[in-house]
Amino acid sequence: MEKAMSRSHKEGGVLGLFDDPVRLLEAVRKLRSRGLTEFEVFSPYAVEGIEKAQGLKRSLIPFVTLVFASLGCTLGFYFQYWTSVIDWPLNVGGKPYNSWPAFVPVMFELTVLAGGLATFGALLLFARLPNTSRSALDPSITRDRFAILVSGMNPEDASNLLTTIGAREVRAIVPRGWF
Amino acid sequence: MAEILITGGKSAADLDADVARPVERFPTRIWWVCFLAALAAFGLGALLATDMFQRGLGVLGLNITNGWGVFIVNFVFWVGIGHAGTLISAILYLFRQRWRTGINRTAEAMTIFAVMTALLFPVIHTGRPWYAIFWLIPYPNERSLWVNFRSPLIWDVFAVGTYFTISLVFWFTGLIPDLASLRDRAKHPVRKAVYTVLSLGWRGSSRNWLHYETAYLILAGLSTPLVLSVHSVVSFDFAVSSVPGWHTTIFPPYFVAGAIFSGFAMVVTLLVITREVFGLKDYITLDHLEKMNKILLATGMMVGYAYACEFFIAWYSGNPIERFALTNRAFGPYAWAYWIMVACNVAVPQIFWFKRARRNLALMFLVSLLVNIGMWFERFVIVVTSLHRDFLPSSWRYYVPTFYDWGITLGSFGWFFIWFLLFVRFLPVIAMSEVKAVIAEENGEGHVAVA
Amino acid sequence: MLRRNATHAINKGFLMNEKAKFKDHVETRESVSGLTQNRQHRQHWRGIEDLESKTTCDERVTEFDQSPFDWIRDSTEMARREFLTIMGAGVAMATFGCARRPVHKIIPYVIKPEEVTPGIANWYATTCGGCSAACGALVKTREGRPIKVEGNPKHPLNRGALCARGQASIFDLYDPDRLKAPLAGSRTGKRRQTSWAEADQAIQTRFKELAAKKARVRVLSGRSGPASRRLVSEFLSTFSDGEQIEYEPLFDDEIVEARRLCFGHPSIPRYRFDRADLVISLGADFLGTWLSPVEFARDWVGGRKLPNAPNALNGPNALPVKTTMTKLISFEPTLTITGSNADERFAIRPGDELKVALALAHEVVKSAGIRSSSSFAKNKAIVNLLPGYTPASVAKEIGIANGDLAIKRFASSLVRSSGRSLIIGGGPQSQTSNSLALQIAINLLNSLLGNEGVTIESDAGTGFADRKVGFSAVSKLIAEMDAGSVDALIVHGANPVYTIPRLFEDALKKVPFVIVMSEYENETSRHADYVLATPHPLESWGDAEPRPGIRSIQQPVIAPMHSTRAFEDSILLWTEVRRPKGSSWYDYLRSFWKNDVFRSDREWLWEETLRTGVFQSTPARAKRVEFRNSALDRLGPYARTENSGLVFSAYAKVSILDGRGANNVLLQELPEPTTAITWDNSLNIAPSLAKKLGVAENDVLELSIPHHVVELPVHIQPGLHPSVVSAALGYGRRSVGKAGDSTGVDLYPFMTVKGSARFYSGQTVRLRKTGKIYRLASTQWHTVAEKRPIINDITLAQYRKNPAASIHTEPELRPARPGQKLPTLWPEHVYQGQRWGMTIDLNSCIGCGSCVIACQVENNVPAVGRELVRNSREMHWLRIDRYFSGVPERPDVLFQPMLCQHCDLAPCEPVCPVLASVHNDEGLNLQVYNRCVGTRYCENNCPYKVRRFNFFDYWKSYKTTMNLAWNPDVTVRSRGVMEKCTFCQHRIKGAQDQAKDNGKVKNGKGYVEDGAMKTACEQTCPTDAIVFGDLNDPNSRVSKLSRDPRAFRVLELQNTQPSITYLTKVRNKDDAHG
Amino acid sequence: MHGAHPENGVSLKFHAKLLIALVITGTAGFAAFGDRKFVVPSASNQGYAPEQPIPFSHRLMAGNDRIPCLYCHTGADKSRHAGIPPMNVCMNCHQVVKADSPYIQKLKQLYNEKKTIEWVRVHELPDFVYFSHKRHVLKGVSCETCHGDVARMDRVEQVAPLTMGWCLDCHRGKTAPPEVLSRVYPNQQNPRGPVASTQCDTCHQ
């Protein structure tokens, strides 16, 4: 495996194309049952259940969001408090320096802002985006077809395997780009 | 599921073709006509605005009693329009309303452009915009001065700013997979290059879909309270003040309802046009539109309730000045505006009790237009009639917008449509990846994730 | 702020495109710095010392460092800012970022005058030139520029106060439309600049010839000072037949004539309102425009101040406190501020005053109240005269509902307060064919009641006996001119062609040689051979004798700005009498005062007078004057006159007066107290009449009498007699300047001449609709308070029962005891040290508007022009709201000065996003102009609507000399900025600064003693209605007053906790007085 | 947890670095935005040292000759404005002193013609700022505190930024020179505490 790993970031392999999500799911289950881990699944839209079949863990994004949102909230309040109580307290219409009720709207907005941006950031991070030097493995994938990429196996075995699990079409992918 | 959301037995491939068509071929004549018209309108507005900057706000109809006028009306109006989009995409998404998929992209786009339009007005309505654009933002400066966080205007800056940013992120996140499909369809190298960059190199691997779905869900979750907060904050501009007719606690819900109302009306207007012009009848179906009309009916009655409630509260408060303000609204010098508002917002939508009306394109187009007009006048009534006769009778005045007010208002519509037309020209007007899921399911290809 | 060219500019609209504007700035800068160059040689202050020893003064240079031209830098700044707006922020950053500050020069003095320290003001005492009342004035100068005229506290007439005209007079000094050099003209109105030498040459040769042959030379002037009169008479004595005639269009000839007839002493007596318990005014607007308004208002209000109300505010001249109120009853044709302040007012037709007076006399005589000793009791003439004038018949005729009862009531009150009452009449609105008779009747009444010598004092002097004053004299002159027997006419300080239309103009054409000496081109100067530019009163020497025993000095506070020469200097030059060569008018004046005023050689008297501005001596009072029955021959027995149709009543506005204020934008834009109309005169008609005629506000009507027709826009005015139409004089000037020309309609042509008398009112007029509309520029559209907690007025009876009556406000919102805290959700800010507040006594305020102008001049508040007032964009920081109550025929009028209330819980502050509006630690509500971005949210949220927004760059319309009028202590606001009353915060700072120097320091700040600092409005208020001071000091006048039972705050239910407290108005309606 | 993966190709760490790099460059740009120097032009004229019509040297007058500032700038302790000396003050000495120098000649000539020198203004506050020399001088704030060591300048230069923030820092005691502080507030406990008013209307009226 170690070797495979080290090799695998050179993204070569054999691509099997499927026509509908049902067969794709079956195929994935078969691959897993054969103890194969080094394969990747592609689809034009999110296919329900695929992550289970593939055995992927839950995304970490929610935690990131939580952390940053609460940061935005607390810092948001502190900033307002600091400017209007500590740095330059001014008597504004007889209101107390720390008119915290008036600070709530901005606190809320900053919470959402921080949370939202963090979420997007986390998405980019975990999905390794942006990465424009990658090109589509097959143009039809983003249209209406589904695909499995098997890497770290010699091409013949891989293509045989894929055809046996029902791929309509099998192609070798030559590694390009800096991975 | 029982209901058919996509008609005409379209396949995912057809969908791509249909949606991508306007993007890939040279724009039609009608597009050019609309675009030039929008450009002209914006040109006029920009011209007048420039002149206004040179000479001063005196060119407007404002006076010492009516500190705010058409500009603020427009601001509230456009922010209101900007609500439907996020509402449709976020809230309906959370409620798993699958019919949203046909329309959410357009609605979100509209939101963004509406907010961009709205943002113009708070800046240009100030006496010294060249300072306002900086001094309204708390950044370290050589004057060691900060902003006043007690002012609703500062809340506005943050609320609308945040709303714009998050909506943009949300919208873009939704666009990524579709941009990828456009990229993979593209023949022309330039187009391919552009869409490659825009799609950030999306390939639709299941891992990415996993994160993507989570992120999208969270963003939807964040946008929902946000969208409700934005117009509440805008309503604070009035509710927090002491002006009779403004100073009332019903404003936040009242404004939000109004915003959804006007927003949906605008969405209907735009969808009717888009689906006709770009032949997307099978994806934006009458069922979609009927649902929209139902919401129009509901929200229309909400604002109707709000109008009534205002009067009740004024009477119940026993405050003579408050009472006068409301009486003056309905029967004072600006009664005409008030009754236009009531007619358009409360009376007209009632026709949607009838199914035939709900499914009649021409009719719903007309109604949605009237509702937009009515909602504009709602804001006019709130802003102007409350101000022009407030506490001291000695400073009661009358406010008449000038050519500059109207011209710049027209310009804002131009600005909005410029962006919208560019959007339909260069971006997929329908959330393809989501609709594909729906199609797949309707073609009975196993149980599939609900987009 | 803005001047006539300004109004111009505004009418044009600020339409220059950016480039043009840019250029404009550059030019302005150059032109103005050019101006400074000139100022090095002309515009500096010239002190007494210098006049003694004429050294170095001509080489003075005002220091540019703190020059009046601060705004120039501002302008370039603005230019770039506007530039920026176009370029759009992005580009502008670069542009702006690298733009170096423009280079500014500092021009030091060559030799700095001792008394001038740049940045510190000098004050000089002089006489106000606003009107002929001759109040004492103090002039504030900075670096040699007069910037403010204030009342002279030491002056016995106005005692520190000044009227609107006086306050605004500073703007006449800097008026760009003034004559800047002598003109030689052809009678056809053509003009050419000429030099003084040339002019003198021609004039002197002409006079030589005239002196040689038996020539008639006439000098026509306004009311002029004793020294000047003496000088002119000397000049005229060199001709075989020379006469000096004095003419003021609004002067009451009838009073002089009537007193000649009744007492054999032609004069204007001294009216002692301070001694009167009951005043009945038959048309005389003595609070606004009649004779000496400020003096009268001050005296009259002394008797109105209520026990707790402020008094003795002006130090030694304090008026005695009375536990009762002087009652004012007014019968007048049009609604003036006097009528508005009357406890009981009756709208009558002009001319009916006479019948009212005689009806009163009838009752007075009838009542047993007359002392049996009095010769009147069994006086044949009276007994023959009066019987017809029964209150019943008179009241019925003049159309006052149960007026007979009223008249009876008044008569008995008069009798009850015999010797303490005062009946007066006069002014244009009661100048009718009856007015001489009216004055006689008034004299009769006053004599009957024994008021002569008590509330009416006449001096033992000769009065006007040896002077040719008034229209009778002028009509004689006109006759002579018509006969072609006048060889030369010198006109100075008068504008007869305008004020005596047709008659004088025609006659003037027959005079071969006419010289007009004037500050402005005017209607008369069009017909002159020579128009000689005279300096403004602030530029020249002079004196005045407002009443016997008071001599007031007028000294220049700035050297003539233009090539002008004082009238007297010219006369001296032309007079062929042995006098030390080159001796100036100043020398003449000094010797005149030495010999005729001081009657001693003590030099210090002169110095002293120059410092105090006034010299007083006790005049010999006439012994008790006896009423001559012969005068009664002028009065006929009662005969009912059929008045059918509409009667015209002319009147004078407090602002424009007889038209002399016409070219002063501040005055033009001062809302008329009773109509709130600016920039025009209107045709005022009663609501009932409007209904009858079916006309609405702003409809243009054609108003015609047999010999003249005009068109005037209608203003529907409560308080008018249903068969009276009234309009103001002094408008429709034809050649005075950019602001004055073609504002309103000239009504002098309505003047009717009967024998040697002229009258403005009482003509029967015809009205015709024209279908045209003319939008009057009004500053208040709605005049009913709508029962809101804004104003309070109660009757004296109610007040006696409960001083706090009718204060509609939530008691729990008012601290019962000083220092008591109100319940609040939040901790309140505590103000250690001083905390500023103000009280305004509605019972004292007469709505004269002098505070409005004082505020404008003090704070660089612009006038914006008719068009912008129409758009409700007037800039007055301090406005006077007027509210009508009661029935439209007999409205109760209430004036309420409205300015920033400096609320503790100011609604304007929390809504400002950029902290431009905040509180300071003295309770002031600050407006930081340079931080303001102009969202106007504060304006919306201000319940009092006292904030003013700069819709345009008004300061740009200040051209050339106008820029010298700026007050350097107050920022000049640019466009897009909100502004408002600051409680004269710069004055507070000044006072604190002084206190610090004197070592009076409390917690790090200078401590300002109570009364040591006055706001501009408070300082000038003729009735001391406004009091400003420290609310934290329980013994200060202001905190005492704010605890007064009458105290209330406007819109208290809003709980804004204003720092301004108003005091309820009390009307002495019921009969109980004295 | 993810580590490298065929699809992800690049490692999480690496990509995190990539993103962070992006963010940093972004914020850098934003910081630039925040920095007034780039966005809002600085109001400061610091370092301004224009040439004067006569190369008047404070180094000679105030430095070598030790003429006290108030000898010429008489207003400094009396008025808002320190004031520029009138010509006669110059001539008090220069009637005799260095009378032959060409510049003094020029000066004399102007003086005799009753003309005056137009100096180029160096220190200038905006018109909406009301600064009182008097109050500061009387409090014992030395001229150098704001004008720098003029006694070493041949041509006067604006040393201090004279911006609002700069004024405030001193009023708040943050930057007030200790010797000034000790002079102004001999028993000031906390030398960094507020020492002068920060009310808006202290300077803006």
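**Helix α28 of chain C**

I looked up burial along α28(C) and found these buried residues: C:Gln985, C:His986, C:Arg987, C:Ile988, C:Lys989, C:Ala991, C:Gln992, C:Asp993 and C:Ala995. I note that the model is predicted.

I then checked the length of α28 of chain C, which covers residues 985-997. At 1.5 Å a residue, its 13 residues should span 18 Å, and the end C-alpha atoms are 18 Å apart, so the two values agree.

**Contact between chains C and B**

I turned next to the interface. Chain C brings 65 residues to the contact and chain B brings 58 residues. I noted a buried area of about 5,200 Å² between chain C and chain B, with 58% of that area from carbon and sulfur atoms. On the chain C side, C:Arg788, C:Arg931 and C:Tyr937 lose the most area to chain B, and together they account for 14% of what that side buries.

For polar interactions, I recorded 36 residue pairs in polar contact between chain C and chain B, both residues at pLDDT 80 or more. The elements of chain C that each supply at least two residues to the side touching chain B are α2 (18-39), α4 (70-98), β34 (879-886), α27 (937-941) and β38 (948-949). Of that side, α4(C) gives the most, with seven residues. I divided the residues of this side of chain C into 33 nonpolar, 15 polar and 17 charged.

Finally, I counted two salt bridges between chain C and chain B. One salt bridge joins the side chains of B:Arg397 and C:Glu874, at 3.3 Å from N to O.

Definitions and conventions. Residues numbered from 1 in each chain as written. Chains lettered and ligands numbered in written order. Predicted model: local features only at pLDDT ≥ 70, side-chain atom pairs only at ≥ 80, totals over all residues. Heavy atoms only, no water. Contact = heavy atoms within 4.5 Å. Buried area = accessible area lost by both parts, 1.4 Å probe. Salt bridge = Lys/Arg side-chain N within 4 Å of Asp/Glu carboxyl O. Polar contact = N/O pair within 3.5 Å; in protein donor to acceptor, adjacent residues only side chain to side chain. Helix = DSSP H or I, 4+ residues; strand = E, 2+ residues; numbered from the N terminus. Nonpolar A, V, L, I, M, F, W, Y, C, P; charged D, E, K, R; others polar. Expected span 1.5 Å × (residues − 1). Buried < 20%, exposed > 50% of the residue type's maximum accessible area, 1.4 Å probe, protein only.
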